[in-house]
Amino acid sequence: MTTVPKAFWDELRGELGAEAIDFSSAAVADYGANMMPSGDRLPGGVVYPASTAEVQTVVRAANRHRVTLWPISTGRNVGIGEKSPVREGQVVVHLRRMNKIHEIDETLCFADLDPGVTFKQLYEELGRRGHKLMMSSTSGPTDGSIVGNAIDKGAGYTPYFDHFGMTCGLEVVLGDGRILRTADGASPGAKTWHLVKYGLGPFLDGLFVQSNFGIVTRAGMWLMPRPPVIRAFIFTFPDDDDFGAIIDLIRPLKLNNLVPTLLKVTNDVYSLGTVETYPYARTGGRTPLPDDLRRELQRKHGIGSWSVSGAFYGDSEESVRPMIERVRRHFESSGKARYVSHEQARENPIFRIHLDTFSGTPTEEEMPLHDWRPGGGSIWFLPTTPMIGSIANQHQRMSRRILSHYGFEFITEYVCTGRASRALHPLIFNRKDADESQRAAECFRALMAAYAEAGYPLSRAPTEFQEEAMARLQVIPQVCSDLKRVLDPNSVIAPGKYGIV
Ligand code: ADP
């Protein structure tokens with residue numbers, strides 16, 4: 001690890017003020033902490049720029065002094081690396097002071113946001129304006145960044161679930177210090193920056209997703225008019241192997257968008273982890289969770305092996321009721337579904353999470369899942385599963401087998417579109433236990449290998465595994481290196497992120 005030259009800090013202290021830099025050992029320890037198995041990754045220090053011009057100053061100084069940077073918006077990327085850099089010694093550029101909501105347009109339904117704007121902050125601002133607009137939120141931390149999440153391919157659950165897809169017009173400080181405004185933002189005086197995604201010429205926005213070519217300093221984000229009535233539905237299914245039938249039942253509902261939200265298929269332990277911790281006393285310290293105990297916990301909380309959830313939007317209760325009746329007939333035709341109404345779901349914290357996420361309401365109720373096992377270890381494995389029941393069942397069996405071999409339970413939520421679902425497999429482990437941490441890392445690698453071999457790649461990876469995940473791709477890594485040389489010739493921005501050097 002190379003140390004950050006004093007001249008870099010002196011220059012930034014002069015340009016941005018003493019309060020904008022921190023390389024104290026406390027800051028280094030705080031920003032190096034993460035939840036990944038191989039330990040903390042200490043940065044060289046932290047910078048807090050307050051504007052795009054200040055970001056430009058930081059990038060230029062980094063170029064002059066050959067310092068590498070690790071940009072984060074809020075650093076609440078839980079289970080993916082948090083605030084810690086991909087490589088030790090990188091200086092964290094924390095954009096928390098850039099937290100302005102520049103504009104909310106209630107007619108054309110978009111917001112113009114700084115990267116430090118959090119889900120909670122936008123939700124509260126929309127509330128102050130009478131909730132005429134609905135945002136799409138993750139089920140992760142409410143103090144996470146909307147922009148950071150979008151450019152890391154994060155997602156939500158409403159019809160605007162595709163958070164990067166809903167961005168329109170970015171502002172980026174490139175690695176060489178230039179400011180790029182994408183799409184119509186490149187036309188001086190354009191009034192359409194956040195209205196038209198593709199502009200004139202090539203569409204460059206995608207270059208700044210899961211990459212290290214620039215620091216995103218502003219983004220347009222489309223919002224949806226808030227529907228007057230939002231009614232969720234939930235169906236529980238008793239058996240692990242009902243999963244295949246569930247996937248086949250969901251596919252047509254999403255291919256024609258009969259259900260406007262995504263559909264979630266949440267497994268028992270994922271749900272239980274939000275309200276229970278691992279019952280070590282009951283197992284005598286043994287892991288993974290035995291099936292009889294899993295069944296007992298299912299019964300205690302009124303869930304089966306799976307909970308399927310989605311929601312309808314309408315202008316009145318009456319307009320939504322026939323839609324609910326229709327999905328009831330659809331799922332109940334399986335002979336295995338048990339219906340849980342919106343009102344019943346409100347009484348159960350396990351289900352309330354879904355009501356919130358389908359209404360674009362940020363919620364902290366899923367966060368306790370990270371404490372299912374003690375010790376603060378969490379890494380998220382995010383493969384893609386096609387919406388074909390037989391394949392989906394192969395995937396769940398494969399995951400269960402691998403996880404159980406390494407001593408972990410299958411914890412998963414499949415978030416389904418019509419063609420594919422993103423499987424959220426958090427691997428929750430005791431990071432204070434060296435053996436368990438090592439097993440978590442081995443398990444993650446075994447899952448990556450098994451899914452790659454079966455032909456189902458990942459969509460996102462914790463920083464510790466990004467290089468390995470990217471190394472499985474062909475040509476894209478070389479093209480990214482070529483782009484890196486052009487856009488960030490001294491490689492100052494996050495070298496190693498998603499394997500790009
Ligand atoms: P969250 O959205 O969960 O708060 P982060 O702020 O950590 O998460 O963003 C997720 C990841 O995206 C970070 O690890 C970082 O690599 C990258 N990132 C976040 N914000 C920016 C930004 N403004 N410019 C460039 N990369 C960013």
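**Entry 1. Helix 12.** I began just after helix 12, where Gly360 takes a positive phi of about 65°. I worked on a predicted model, in which local features need pLDDT of at least 70 and side-chain atom pairs count only at pLDDT 80 or more, while totals for chains, interfaces and linings use all residues. Residues are numbered from 1 along each chain as its sequence is written, and side-chain values use heavy atoms, with hydrogens and water left out. I took helices (H or I, at least four residues) and strands (E, at least two) as DSSP runs, numbered from the N terminus.

How many of the residues of helix 12 are buried? I found eight of its ten residues (349–358) buried, so the helix is mostly covered; buried means under 20% relative accessible area, exposed over 50%, and partly exposed in between (1.4 Å probe, protein chains only). The buried residues are Ile350, Phe351, Ile353, His354, Leu355, Asp356, Thr357 and Phe358. At the start of helix 12, I noted a side-chain oxygen of Asn348 within 3.0 Å of the backbone nitrogen of Ile350.

**Entry 2. Ligand shell.** I counted 20 residues around the ligand, a residue being near if one of its heavy atoms lies within 4 Å. The closest are Ser73, Thr74, Arg76, Val216 and Lys497. The shell divides into eight nonpolar, nine polar and three charged residues; here Ala, Val, Leu, Ile, Met, Phe, Trp, Tyr, Cys and Pro count as nonpolar, Asp, Glu, Lys and Arg as charged, and the others, Gly among them, as polar.

Which elements each supply at least two residues of the shell? I listed strand 3 (69–72), helix 5 (146–151) and strand 10 (214–222). Domain 1 (6–97) and domain 2 (101–225) each give at least three residues, with bounds from an automatic or database domain assignment.

A backbone N or O atom of Gly75 lies 3.0 Å from a ligand oxygen, and for Arg76 the value is 2.9 Å. A polar backbone atom of Asn149 is 3.1 Å from an oxygen atom of the ligand. The protein covers 96% of the 540 Å² of accessible area that the ligand has on its own, by the Shrake-Rupley method with a 1.4 Å probe.

**Entry 3. Salt bridges.** I counted 36 salt bridges, each a side-chain nitrogen of Lys or Arg within 4 Å of a carboxyl oxygen of Asp or Glu. Side chains of opposite charge can pair when their charged atoms come close.

Arg13 and Asp10 meet in one of these, at 2.9 Å from N to O. Both lie in helix 1 (residues 6–16), three residues apart, about one turn of the helix. Arg13 is partly exposed at 34% relative accessible area, and Asp10 is partly exposed at 30%.

The side chains of Arg64 and Glu11 form a salt bridge at 2.3 Å, N to O. Arg64 lies in helix 3 (residues 52–65) and Glu11 in helix 1, so the pair ties together parts that are 53 residues apart in sequence. Arg64 is exposed, with a relative accessible area of 53%.

Arg400 forms a salt bridge with Asp240, the closest N and O atoms being 3.7 Å apart. Arg400 belongs to helix 13 (residues 389–405) and Asp240 to the loop between strand 12 (229–237) and helix 6 (243–255), so the pair ties together parts that are 160 residues apart in sequence. Asp240 counts as buried, at 14% relative accessibility.

Technical notes:
Polar contact = N/O pair within 3.5 Å; in protein donor to acceptor, adjacent residues only side chain to side chain.
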